[in-house]
Amino acid sequence: MKLVRKNIEKDNAGQVTLIPEEPEDMWHTYNLLQVGDSLRASTIRKVQTESATGSVGSNRIRTTLTLCVEAIDFDSQACQLRVKGTNIQENEYVKMGAYHTIELEPNRQFTLAKKQWDSVVLERIEQACDPAWSADVAAGGLEGGGGPMTLTRTKVEVNIPRKRKGNCSQHDRALERFYEQVMQAIQRHINFDVVKCVLVASPGFVREQFCDYMFQQAVKTDNKLLLENRSKFLQVHASSGHKYALKEALCNPAVASRLSDTKAAGEVKALDDFYKMLQHEPDRAFYGLKHVEKANEAMAIDTLLISDDLFRHQDVATRARYVKLVDSVRENMGTVRIFSSLHVSGEQLGQLTGVAAILRFPVAELSDQEDESSSEED
């Protein structure tokens with residue numbers, strides 16, 4: 001993401017102008033937008049025209065509109081973002097108050113204005129515009145089929161016939177075709193300038209066979225991109241080629257040590273630590289906003305786990321409550337982990353209400369409250 005201009009006043013009102021440069025930047029943009037914001041961007045509008053003879057026609061005109069945001073629709077697979085709202089600035093083609101939908105896309109500038117820029121959205125801009133925060137782990141699952149976001153960049157599917165006694169040629173040709181397509185996908189979709197590690201995960205020996213094939217081909221064709229980045233490839237066992245096996249792969253001790261400085265591994269480890277604490281010391285692991293807020297009042301939170309999905313809440317007061325919690329935990333020297341709801345670990349945190357905490361010490365009143373609420377439910 002490229003920051004063109006930033007103009008935030010002392011009262012935290014103001015606007016920023018940004019240019020999304022990568023598909024992942026659309027996810028950041030989705031997290032920045034809220035209902036009630038003002039969005040200015042170029043768009044296509046169909047305009048009716050009447051000729052001197054009275055005949056009516058229509059033309060598609062590119063114009064710049066400023067909308068008051070009313071609805072935001074994000075397609076995570078296509079990385080497309082549609083923003084619907086009413087026109088709030090006079091325009092020769094669009095009446096004031098008329099509805100329009102702007103489609104934001106990479107390499108197209110937009111300006112976003114808010115009445116209140118809170119700490120979470122300002123941090124999001126900082127991270128999106130910092131190359132060090134770009135996706136630094138790429139993962140591929142092979143099954144005879146990947147971070148603030150686990151984004152499926154491509155899916156390679158090849159029908160591989162079973163081996164037959166005395167005739168393996170069809171099987172071998174299909175397998176080679178599959179490996180070739182995966183190799184091409186890696187070169188097309190992975191930016192080795194920012195990716196620190198490429199996980200190749202599979203059950204059985206598929207990962208070893210694939211890597212052998214890929215680097216043999218790279219040597220044959222003198223493919224410098226793959227040969228120069230060979231050390232970044234890490235083979236790891238996974239129970240399947242499905243994206244949910246990514247958590248399993250990231251929990252592998254060999255992988256965890258290799259990725260110790262990456263955000264994706266950090267989120268997985270934090271969630272894993274929470275589950276372990278919940279199992280072994282349940283009075284030091286809580287989830288649910290009320291319980292976590294109580295723990296924060298006692299300055300007991302060591303690590304706060306919170307889903308970015310909560311910061312998109314339509315109710316301003318509810319959103320402000322989550323922002324206040326984040327700011328307060330940081331003031332009390334706690335660690336805050338903001339999980340992407342599109343990452344596997346973020347989806348799992350969402351099943352625990354989207355907010356959880358690992359405590360420095362037990363808070364007796366919280367355990368008592370939980371026991372009482374369980375009794376009432378019974």
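Colleague: Are α3 and α4 roughly parallel or roughly perpendicular to each other?

Modeller: Two packed helices are described by the angle between their axes and the distance between the axes. In this predicted model, where local features need pLDDT of at least 70, side-chain atom pairs count only at pLDDT 80 or more, and totals for chains, interfaces and linings use all residues, helix α3 (residues 169-189) and helix α4 (residues 206-221) pack at about 70° with their axes 10 Å apart. They are therefore roughly perpendicular, given that angles of 65 to 115 degrees count as such, under 35 as roughly parallel, over 145 as roughly antiparallel and the rest as oblique. Residues are numbered from 1 along each chain as its sequence is written, and side-chain values use heavy atoms, with hydrogens and water left out.

Colleague: How are the helices and their axes defined?

Modeller: Helices are DSSP runs of H or I with at least four residues, numbered from the N terminus, and the axes are lines fitted to C-alpha atoms over the stretch in contact, with angles running from 0 to 180 degrees between N-to-C directions.

Colleague: Which residues in α3 and α4 meet?

Modeller: With contact meaning heavy atoms within 4.5 Å, L175, E176, Y179, E180, V182, M183 and I186 in α3 meet V206, Q209, F210, Y213, M214 and Q217 in α4. The residues of this contact divide into 9 nonpolar, 2 polar and 2 charged, where Ala, Val, Leu, Ile, Met, Phe, Trp, Tyr, Cys and Pro count as nonpolar, Asp, Glu, Lys and Arg as charged, and the others, Gly among them, as polar.

Colleague: How many salt bridges does the structure hold?

Modeller: Side chains of opposite charge can pair when their charged atoms come close. The structure holds 15 salt bridges, each a side-chain nitrogen of Lys or Arg within 4 Å of a carboxyl oxygen of Asp or Glu. One of them joins K276 to D272, with the closest N and O atoms 3.4 Å apart; both residues lie in helix α8 (residues 263-280), 4 residues apart, about one turn of the helix.

Colleague: Which parts does the pair of R321 and E293 tie together?

Modeller: The closest N and O atoms of R321 and E293 are 2.8 Å apart in their salt bridge. R321 lies in helix α10 (residues 316-331) and E293 in helix α9 (residues 289-297), so the pair ties together parts that are 28 residues apart in sequence.

Colleague: Is E293 buried or exposed?

Modeller: E293 counts as buried at 18% relative accessibility, whereas R321 is partly exposed at 36%; buried means under 20% relative accessible area, exposed over 50% and partly exposed in between, with a 1.4 Å probe and protein chains only.

Note on methods: Helix = DSSP H or I, 4+ residues; strand = E, 2+ residues; numbered from the N terminus.
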